[in-house]
Amino acid sequence: MRTIQRTLLRDAVAIAAAMVAVGASFGAIAIAYGLPVWVPFLMSTVVFAGGAQFLAVGLLAASPVAAVFAGLLLNARHLPFGMAIGSSMGTGWRDRLIGSHLMTDEVVAFTLAEDDPVQRRRTYWLIGITLFTSWNLGTALGVLLGTAVGDYESLGLDAAFPAALIALILPSLRDRPTRTVALTGAAVAVLATPVLPAGLPVLCALLGLLTLLLPRRAAT
Amino acid sequence: MTLAAIIVLGIGTYTMRLGGVLLRERLELSDSLQRLLPMAAAALLTALAATSTLMAGSGFAGTARPAGVAVGALLAWRKAPFVAVVVAAAATAALLRMAGID
């Protein structure tokens with residue numbers, strides 16, 4: 001039991017360090033995109049979903065409607081997450097109302113890895129609260145950094161944003177059908193960028209899902 | 001507009017989080033939908049990464065930014081720590097610009 005707790009704490013510290021780094025790049029990039037200082041703070045507390053926040057920051061200035069639509073579509077995966085997690089966070093209303101807000105990919109992964117219900121609940125809350133805290137701390141650091149730095153292009157911060165995204169999505173691209181869908185969608189988006197209004201090209205990436213309709217090649 | 005967009009996104013996200021927890025017994029998502037959602041997410045994020053790497057406005061982004069991202073992507077693929085990926089991408093783009101290549 002004690003060793004389980006120690007492993008859990010070590011995991012929590014490691015993931016907190018990573019979240020501070022990702023949160024900091026999010027904060028700095030939001031400022032670099034010319035958004036007001038309150039935007040990254042509000043997003044990190046109210047939305048609290050890394051991928052959707054990056055996506056929204058990339059689209060907000062161009063088209064708020066596209067930002068909301070894409071962000072919601074991205075976060076729709078929380079619905080099946082919630083169904084899988086169920087009462088792991090506790091069965092009372094207070095637990096479910098507060099606990100739901102802490103639900104992220106990482107929390108779900110850590111929680112589902114536990115078998116014992118008591119341990120599940122402990123893991124859910126420990127990892128959830130750790131992530132929320134470190135994510136917002138990182139955001140604040142990033143905003144400070146971004147505000148201190150005037151010219152973000154000379155520091156290469158415009159290259160940091162896509163690189164951060166790639167690091168985040170790479171694990172999911174190891175699955176072959178997902179990779180085909182994603183790369184096709186990305187190609188459509190790039191080709192559409194010169195001709196469509198800002199915001200729309202990224203949504204066009206959903207056309208990549210059509211590759212699933214192609215006849216499957218014989219045994220791979 | 002920005003404020004409204006963030007609030008709507010926040011409320012919508014929270015609704016889906018809580019919805020899954022509360023509707024657990026009553027709702028049945030089809031297998032294909034459960035499979036499609038993560039794929040749609042991957043497609044959107046990959047498209048955002050690709051367009052923000054290659055394009056600036058409606059034209060191409062030049063050399064420094066794509067080169068920086070390529071270095072970062074290579075490190076990410078070799079499973080380097082996240083911080084190393086981000087810093088290497090930014091540093092590569094910054095050094096290229098310092099050398100006069102944009």
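Select Leu44(B): leaving out residues up to four places away in sequence, Leu44(B) touches Leu55(A), Ala70(A), Leu73(A), Leu74(A), Val202(A) and Ala205(A). Here, two residues are in contact if their C-beta atoms, placed from the backbone, lie within 7 Å.

Before moving on, note that this is a predicted model, in which local features need pLDDT of at least 70, side-chain atom pairs count only at pLDDT 80 or more, and totals for chains, interfaces and linings use all residues. Residues are numbered from 1 along each chain as its sequence is written, while chains are lettered from A and ligands numbered from 1 in the order in which they are written.

**Stop 1**

A residue is buried if 20 or more other C-beta atoms lie within 10 Å of its own, exposed if 12 or fewer, and partly exposed in between. Helices (H or I, at least four residues) and strands (E, at least two) are DSSP runs, numbered from the N terminus.

**Stop 2: where the chains meet**

Show both chains: 73 residues of chain A are in contact with 60 residues of chain B. On the chain A side, helix H9 (residues 157–169) supplies the largest share, twelve residues. That side divides into 53 nonpolar, 17 polar and three charged residues. In this count Ala, Val, Leu, Ile, Met, Phe, Trp, Tyr, Cys and Pro are nonpolar, Asp, Glu, Lys and Arg are charged, and the others, Gly among them, are polar.

Zoom in on H9(A). What does H9(A) reach from its first C-alpha to its last? The 13 residues reach 19 Å, close to the 18 Å expected at 1.5 Å a residue, where the expected span is 1.5 Å times one less than the number of residues. Twelve of the 13 residues of H9(A) are buried, so this helix is largely enclosed by the rest of the structure. Among the buried ones are Asp158(A), Phe161(A), Pro162(A) and Ala163(A).

**Stop 3: Ala24(A)**

Next, pick Ala24(A) in helix H1 (residues 2–32) of chain A. Is Ala24(A) buried or exposed? Ala24(A) counts as buried because 23 C-beta neighbours lie inside 10 Å. Not counting residues up to four places away in sequence, Ala24(A) touches Gly138(A), Leu141(A), Gly142(A) and Leu145(A). Then draw a distance to Gly99(A): the two C-alpha atoms are 24 Å apart in space, and the residues are 75 apart in sequence.

**Stop 4: the domains**

Colour chain A by domain, with domain 1 at 2–173 and domain 2 at 175–220; such bounds come from an automatic or database domain assignment. Their C-alpha centres lie 25 Å apart. The contact takes eight residues from domain 1 of chain A and nine residues from domain 2 of chain A. In chain B, select domain 1 (1–50) and domain 2 (62–102), whose C-alpha centres are 31 Å apart.
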